[in-house]
Amino acid sequence: MLTPPILHTGRLILRPFNLEDASDVQRLAGERDIAANTAVIPHPYEDGIAEEWIRSHKISCENGTALNLAITLKDNHDSQETILIGAISISIDLKEKIGELGFWIGKPYWNKGYCTEAAKEVLTYGLNNIKLKSIHAFHFGRNPASGRVLQKIGMQHEDSFPNAIEKWGKKEDLIKYNIQSNVINSWYNIIYDKFLWLQLL
Ligand SMILES: CC(C)(COP(=O)(O)OP(=O)(O)OC[C@H]1O[C@@H](n2cnc3c(N)ncnc32)[C@H](O)[C@@H]1OP(=O)(O)O)[C@@H](O)C(=O)NCCC(=O)NCCS
């Protein structure tokens with residue numbers, strides 16, 4: 001059983017989806033360039049798909065197999081409402097304690113660092129709170145922006161799989177990135193040690 005958290009970063013709130021998000025999900029995930037770069041998002045994004053997907057989150061949380069969070073912008077001109085800009089998930093192999101990270105950001109919000117900001121937070125949550133041993137992610141070879149996000153959050157390139165998957169009638173290369181929990185914990189230890197040293201000076 002997973003309890004979906006509400007996570008805050010400098011500019012974002014990551015929170016569970018609710019059915020009121022469905023029309024925004026359909027509009028943003030419905031862009032061809034989102035589906036084109038992911039393995040599972042359908043195109044066209046028909047009516048009802050977003051609702052069905054959002055309803056499925058409760059079940060995957062209950063059986064502990066996935067955590068899906070809405071990526072929302074905090075700053076909405078003083079309004080209490082947040083703006084939905086994307087989605088981020090960790091799918092979990094319960095037996096092995098391994099996670100797989102997935103994400104998309106709506107096109108109007110690309111290249112502003114939002115995905116990196118969200119992914120850093122979710123990665124840390126997955127390793128420290130869900131206690132996953134490692135988290136990996138795949139991206140298509142022709143999608144360097146996704147690879148760049150994975151590098152920026154500290155993942156290491158692990159493997160490349162040429163022609164591993166068929167997407168819209170074309171074979172695609174898959175690139176795999178990974179991070180182990182002991183890596184992130186050793187970063188914390190280094191930062192903590194530096195902090196202690198600074199206090200002693
Ligand atoms: C991949 C995606 C999530 C990135 O979101 P984002 O919020 O724009 O990401 P960020 O702004 O945090 O970082 C993007 C990085 O990629 C770089 N980038 C963008 N286009 C690039 C390209 N064509 N080649 C190389 N790097 C590129 C940006 O410059 C930036 O790196 P930098 O900070 O070093 O300059 C977004 O493009 C997306 O949703 N794409 C479609 C769905 C998808 O690909 N999902 C991932 C499936 S694995």
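Biologist: At what angle do helix 1 and helix 3 pack, and how far apart are their axes?

Modeller: In this predicted model, helix 1 (residues 22–29) and helix 3 (residues 49–62) pack at an angle of about 115°, and their axes are 8 Å apart. Helix 1 passes helix 3 in a right-handed crossing.

Biologist: Which residues make helix 1 meet helix 3?

Modeller: From helix 1 come A22, V25 and Q26, and from helix 3 come A50, E51 and I54. Residues count as in contact when their C-beta atoms lie within 7 Å. By class, this contact of helix 1 with helix 3 divides into 4 nonpolar, 1 polar and 1 charged residue.

Biologist: Why is S91 called partly exposed?

Modeller: S91 has 15 other C-beta atoms within 10 Å. A buried residue needs 20 or more, and an exposed one has 12 or fewer; the value for S91 falls in between, so S91 is partly exposed. S91 is found in strand 4 (residues 83–93). Leaving aside neighbours within four places in sequence, S91 is in contact with T65, A66, G99, E100 and G102. S91 and G64 are 27 residues apart in sequence, with 8.9 Å between their C-alpha atoms.

Biologist: Is N163 buried or exposed, and what makes it so?

Modeller: N163 has 11 C-beta neighbours inside 10 Å. Because the exposed class takes 12 or fewer, N163 counts as exposed. N163 lies in strand 7 (residues 156–167), and its phi is positive, about 50°, although N163 is not a glycine.

Biologist: Why is K131 called exposed?

Modeller: K131 has 9 other C-beta atoms within 10 Å; with the limit at 12 or fewer, K131 is therefore exposed. K131 is placed in the loop between helix 4 and strand 6 (134–140). Its phi is near 65°, a positive value in a residue other than glycine.

Biologist: Which residues touch the most other members of the largest nonpolar core?

Modeller: That core has 42 residues, and I71, I88, F103, A118, A119 and V122 touch the most other members. Helix 4 gives the largest share of this core, 7 residues. V122, leaving aside neighbours within four places in sequence, is in contact with L14, L69, I88, I90 and L101. In soluble globular proteins, nonpolar side chains tend to be buried together.

Biologist: Which residues come nearest to the ligand?

Modeller: Of the 21 residues around the ligand, N37, C115, T116, A145 and R148 come nearest. The elements giving two or more residues to this shell are helix 2 (32–36), strand 5 (98–105), helix 4 (114–128) and helix 5 (144–152). Helix 5 gives the most, with 5 residues. By class, the shell has 10 nonpolar, 8 polar and 3 charged residues.

Biologist: What joins H43 and P44?

Modeller: A cis peptide bond joins H43 and P44, with omega about 0°. P44 lies in the loop between helix 2 and helix 3.

Conventions. Residues numbered from 1 in each chain as written. Predicted model: local features only at pLDDT ≥ 70, side-chain atom pairs only at ≥ 80, totals over all residues. Near = placed C-beta within 6 Å. Helix = DSSP H or I, 4+ residues; strand = E, 2+ residues; numbered from the N terminus. Nonpolar A, V, L, I, M, F, W, Y, C, P; charged D, E, K, R; others polar. Axes fitted to C-alpha atoms, helices over the stretch in contact; angles between N-to-C directions. Left-handed = near helix turned anticlockwise from the far one by under 90°. Contact = placed C-beta atoms within 7 Å. Core = buried A, V, L, I, M, F, W, Y, C linked by C-beta atoms within 7 Å.
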